[in-house]
Amino acid sequence: MTDATGPEAHAEPRPARVPFDAIRLGGEIQRRIGAKTVRDEILARHTTMRVGGPADLYVVVHNAFELRALVRFVRTRGLPHFLLGRGSDIVVSDAGIRGVVIHVRAEGLEVAGDTLIAEAGVPLARIATEARSAALTGAEFTLAIPGSLGGAVWANAGAHGVEIADVLETADVVRADGTEARLPAAALGFGYRDSRLKHPTDGGIRDVVVAASLRLRPEDPALVAARLDEIRRWRREHQPLGIPSAGSVFRNPAGDSAGRLIDAAGLKGRRIGGAVVSEQHANWILNDRKGTAMHVRSLADLMRAAVRDRFGVDLIPEVEFVGDWPGTGEGPAEAAMGGR
Ligand SMILES: Cc1cc2nc3c(=O)[nH]c(=O)nc-3n(C[C@H](O)[C@H](O)[C@H](O)COP(=O)(O)OP(=O)(O)OC[C@H]3O[C@@H](n4cnc5c(N)ncnc54)[C@H](O)[C@@H]3O)c2cc1C
């Protein structure tokens, strides 16, 4: 997807390459931070599209303390690193990701009055159910989005007419230089499926979300439960669930729907290798479990080109293509570098 993912995917400048010694670094991370490290972990296991090659060094962090410490560790050493949430908005290349992949599984959560405070790795569905248990409304839309809170802030994820920007009060972030800040929602530059986190200025290094607080409202739990049931029903009827995918591939262009345009271009059911355009929702690429990342990317390229040729509309990818993409101009170590 050479031009298809151009500015959205990997246009950030990357820091100077530093020698990367996974064995030595793995030992040091385990000693200093206490987090287990794995070399050459296959990332397909950790993405909903079920594609993606190895990470040089894969580290799971289980709480905010480990997350902060590891982000500071890699940043002070200028090491390439990538933050992985639930892997539901990314397509990792078959060649995988060079550097350190930090899998955010920090899942602390508490409710104080009308405020729900959660660490970045909390699954969105849990936010919906914990809010219901606390008789709070406003977070129901998160129920069926299979991401983490950190990934949702990055994407300004939303559904059913509500998005994270509507309920987020503050986000605790680690910045490019390793310092921390508690940012109000207004400082996060939220737009349609967009946030300031997607557009770093400081040498291309992104802010990392460690935790966030959501401002909700009191509500009868029975009413909240009924809304959650309605969301479950809607998803079952409208979306191809249970098959590997990354949800919507492209953002909706202003005043239109990417799915409608792709359908009108006659692409439902179109296949490249194991990747196929969903018959149910044309803006979704499904992986029949034999698909590779290159199949997915080639199909997304084809969809974008077809819609451009037919309707003159340039679809912007919503999913992020990360890792090394040989032959696409994104050479080794080019993508996913610099704290993406
Ligand atoms: C079946 C299905 C349905 C979906 N439905 C919806 C929907 O209705 N609405 C919607 O908006 N999206 C939807 N999505 C897309 C996706 O679930 C969301 O965008 C989600 O917020 C991504 O979160 P994640 O943890 O999976 O992020 P990942 O895919 O792991 O990462 C995405 C990006 O976020 C960055 N990131 C992750 N964690 C952090 C962090 N702590 N700090 C900073 N950056 C971080 C990553 O580095 C990466 O650049 C759907 C996806 C699927 C597979």
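In which loop does Ala135 lie? Ala135 sits in the loop between helix H4 (124-133) and strand E8 (136-137), where helices (H or I, at least four residues) and strands (E, at least two) are DSSP runs numbered from the N terminus. This is a predicted model, in which local features need pLDDT of at least 70 and side-chain atom pairs count only at pLDDT 80 or more, while totals for chains, interfaces and linings use all residues. Residues are numbered from 1 along each chain as its sequence is written.

**Ligand shell**

- The shell around the ligand holds 32 residues, of which Gly85, Gly147, Gly150, Gly151 and Gly247 come nearest; a residue counts as near if its C-beta atom, placed from the backbone, lies within 6 Å of the molecule or strand in question.
- Strand E3 (81-84), helix H5 (149-155), strand E9 (158-159), strand E13 (208-215) and strand E15 (245-248) each supply at least two residues of this shell, and the largest share, five residues, comes from H5.
- By residue class the shell divides into 17 nonpolar, eleven polar and four charged residues, where Ala, Val, Leu, Ile, Met, Phe, Trp, Tyr, Cys and Pro count as nonpolar, Asp, Glu, Lys and Arg as charged, and the others, Gly among them, as polar.

**Domains**

- The domain assignment of the protein chain gives domain 1 (109-234) and domain 2 (250-316), with bounds that come from an automatic or database domain assignment.
- The C-alpha centres of domain 1 and domain 2 lie 28 Å apart.

**Helix H9**

- Helix H9 (residues 293-311) has 19 residues and reaches 27 Å from its first C-alpha to its last, close to the 27 Å expected at 1.5 Å a residue; the expected span is 1.5 Å times one less than the number of residues.
- Buried residues of H9 include Ala293, Met294, Leu299, Met303 and Val307, a residue being buried if 20 or more other C-beta atoms lie within 10 Å of its own, exposed if 12 or fewer, and partly exposed in between, with C-beta atoms placed from the backbone.
- Among the elements that cover the buried residues of H9 are strand E4 (90-92), helix H8 (258-264) and strand E19 (320-322).
- H9 is followed by Gly312, whose phi is positive, near 70°.

**Sheet E15-E18-E17-E16**

- Four strands form an open sheet in the order E15-E18-E17-E16, with antiparallel pairing; two strands pair if DSSP finds at least two bridges between them.
- E15 and E16 stand at the edges, each with a single partner strand, so one side of each is left without a neighbour in the sheet.
- Three bridges join E17 to E18, and Val277 stands opposite Ile285 in E18.

**Loop residues**

- Most residues other than glycine have a negative phi.
- Ala135, although not a glycine, has a positive phi of about 55°, and Ala135 is partly exposed because 17 other C-beta atoms lie within 10 Å.
- Arg50, in the loop between strand E1 (37-42) and strand E2 (54-61), likewise has a positive phi, near 60°, and Arg50 counts as buried because it has 21 C-beta neighbours inside 10 Å.
- Gly96 lies in the loop between E4 and strand E5 (97-104), and Gly96 counts as buried because it has 23 C-beta neighbours inside 10 Å.
- Not counting residues up to four places away in sequence, Gly96 touches Leu43, Gly52, Gly53, Pro54, Ala55, Gly323 and Asp324, contact being defined as C-beta atoms, placed from the backbone, within 7 Å.

Technical notes:
Contact = placed C-beta atoms within 7 Å.
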